[in-house]
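Subject: Structure handover

Hello,

Here is the structure to go with your sequence. Please open it alongside the notes below.

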Amino acid sequence: MDVTASPLTQRRPTRQIVVGTVKVGGGAPISVQSMTTTKTADVDGTLQQIYALAAAGADIVRCTCNERAAAEGLAQIVPRSPVPIIADIHFHVEMALAALEAGVQGLRLNPGNLRKPEEIKLVASEARDRGVPIRIGVNAGSLHPEIYERFGGATPEALVESARLELAYFDEVDFHDVKISVKASSVATMIAAYRLASATFDYPLHLGVTEAGPLPGGLIKGTAGIATLLAEGIGDTLRYSLTADPVEEARAGRQLLEALGLRERRGLDLIACPSCGRAEVDVIRVATEAQAALSALDLPIQVAVMGCVVNGPGEARHADLGIAAGKHRGHLFIQGEIVRVVPEADMVEALVDEAKKIAAEGVTARLAARDRSAAAEAAADRALLLDDQGTDVNHAGERIERIRRRADRA
Ligand code: SF4
């Protein structure tokens, strides 16, 4: 999708910060983050994961910095990383200072963990002098006990208050290179907290539902929270927190932004019909095989797999490329126009072949190169199917008739 064509590009204005080479807020493209699960001291293992995350769509990667060996690992990782690195500081001020020494492009501080005002201000001063931004990462599960007590729990107001207090410490040392997160594992709390944060601060917001859990529930919770806020114009960067390979987090973040039209498509978007009584092929199997084969090409293309030739090409005419099944054959179409008819067994191979040719030659050239007899063959298949199945294969008309009869009797 063309980003400029999305109705969701209207964002709430925020200040802009720069994490390494990535701008966050102030109208910059919404960035995707993830976090490594390796020991940061394992430099090669961590770098391998960072490369995988970047390939899956992560713009920024966070690594834990919980001990000296991790900070020393960061000193070797940062210069070799393809994306900016943020260090997550848990409880120790020394680790924040060591991570800055290692050259990280950002820090994450949890106000519930690093609590002493003098230490917070020391880290902010060091970050200020080095031009390194900090995320104030408030988390409902580790809220500062005093705030928890005062608000009677980890309420949206309590989460925002925690961020406000941290900002006040930063203000004292004239540090403003900040983004904020107010995460909760409850989607409803998280949405309310970010809405309040957006109304309270003009700093960029980092979105996330914390501890969302394994797939598919974690993905649903993350999407429910993050997408709701993005659709309201709230949010400048995001992370899915999944109990899964972090590559899934990066992939999900990227795909969500592409689906909302907030980032340019850079990979495959496979759409497929849900299948119904008309389907002439096992749509799930063909779609799964097509997804695997086409993903490997790494092309920014939308491809449709449709279960029948009666409605498929028309319903998916917006796709760059598609295939619809009919009478043991596949109708290959480009932007709704039939270009070739292939045996059913060759459907996936035909999609891959045509996707490569579209990438090399462009849509116009491939439409011009279409098989001139394909449209007539396709029309004949379609007519045969309609003969076999009738126009109401899903029996909707019969059902409507029964509903009407029942209403008449009542
Ligand atoms: S009518 Fe055809 S394209 Fe539409 S859901 Fe049914 S099989 Fe798929």
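**Helix α10 against helix α12**

Helix α10 (residues 283-295) packs on helix α12 (residues 347-361) at an angle of about 35°, and their axes lie 9 Å apart. Axes here are lines fitted to C-alpha atoms, for helices over the stretch in contact, and angles run from 0 to 180 degrees between N-to-C directions. Helices (H or I, at least four residues) and strands (E, at least two) are DSSP runs, numbered from the N terminus.

Which residues make the contact? From α10 they are Val286, Glu289, Ala290, Ala293 and Leu294. From α12 they are Met347, Val348, Leu351, Val352 and Ala355. Two residues are in contact if their C-beta atoms, placed from the backbone, lie within 7 Å. By class, this contact has nine nonpolar residues, no polar ones and one charged. Ala, Val, Leu, Ile, Met, Phe, Trp, Tyr, Cys and Pro count as nonpolar, Asp, Glu, Lys and Arg as charged, and the others, Gly among them, as polar.

**Before you read on**

This is a predicted model: local features need pLDDT of at least 70, side-chain atom pairs count only at pLDDT 80 or more, and totals for chains, interfaces and linings use all residues. Residues are numbered from 1 along each chain as its sequence is written.

**The whole protein**

The protein has 15 helices and 15 strands. Its C-alpha trace spans about 80 × 60 × 35 Å along the principal axes. Of its 410 residues, 45% count as buried. Buried means that 20 or more other C-beta atoms lie within 10 Å of the residue's own; exposed means 12 or fewer, and partly exposed is in between, with C-beta atoms placed from the backbone. Take the contacts between residues at least 6 apart in sequence: 66% of them join residues at least 24 apart.

**The five-stranded sheet**

α12 lies across β12 (302-306), β13 (321-326), β14 and β15, and runs at about 160° to β13. Those strands belong to an open sheet of five, in the order β11-β12-β13-β14-β15, with mixed pairing. Two strands pair if DSSP finds at least two bridges between them. The edges are β11 (269-272) and β15, each pairing on one side only. Neighbouring strands are turned by 20° against each other on average, direction ignored.

Strands β14 (residues 329-334) and β15 run antiparallel and share six bridges. Phe333 stands opposite Ile338, and Ile334 opposite Glu337. Two residues lie between the strands of this hairpin, where Gln335 takes a positive phi near 45°. Is β15 (residues 337-343) mostly covered or mostly open? Mostly covered: five of its seven residues are buried.

**The eight-stranded sheet**

A second open sheet has eight strands in the order β8-β7-β6-β5-β4-β3-β10-β9, with parallel pairing. β8 (178-183) and β9 (206-207) each have a single partner strand, so one side of each is left without a neighbour in the sheet. β3 (residues 31-35) pairs with β4 over three bridges, in the parallel sense. Met35 has Arg62 of β4 as its bridge partner.

Helices lie across this sheet too. α2 lies across β4 and β5, at about 150° to β4. Helix α7 (residues 187-200) lies across β8 and β9, at about 150° to β8.

Helix α3 (residues 93-102) has buried residues Met95, Ala96, Ala98, Ala99, Leu100 and Ala102. They pack against β4 (60-65), α2 (68-77), β5 (85-89), β6 (106-109) and α4 (117-130). Just after α3, Gly103 takes a positive phi of about 95°.

**Leu47**

Leu47 lies in helix α1 (residues 43-56). Why is Leu47 partly exposed? Because it has 18 C-beta neighbours inside 10 Å. Beyond its neighbours within four places in sequence, Leu47 is in contact with Ile77, Arg80 and Ser81.

**The ligand**

There are 13 residues around the ligand, and Cys273, Cys276, Ala279, Gly307 and Cys308 come nearest. Near means that the C-beta atom, placed from the backbone, lies within 6 Å. The shell divides into seven nonpolar, four polar and two charged residues.

Best wishes
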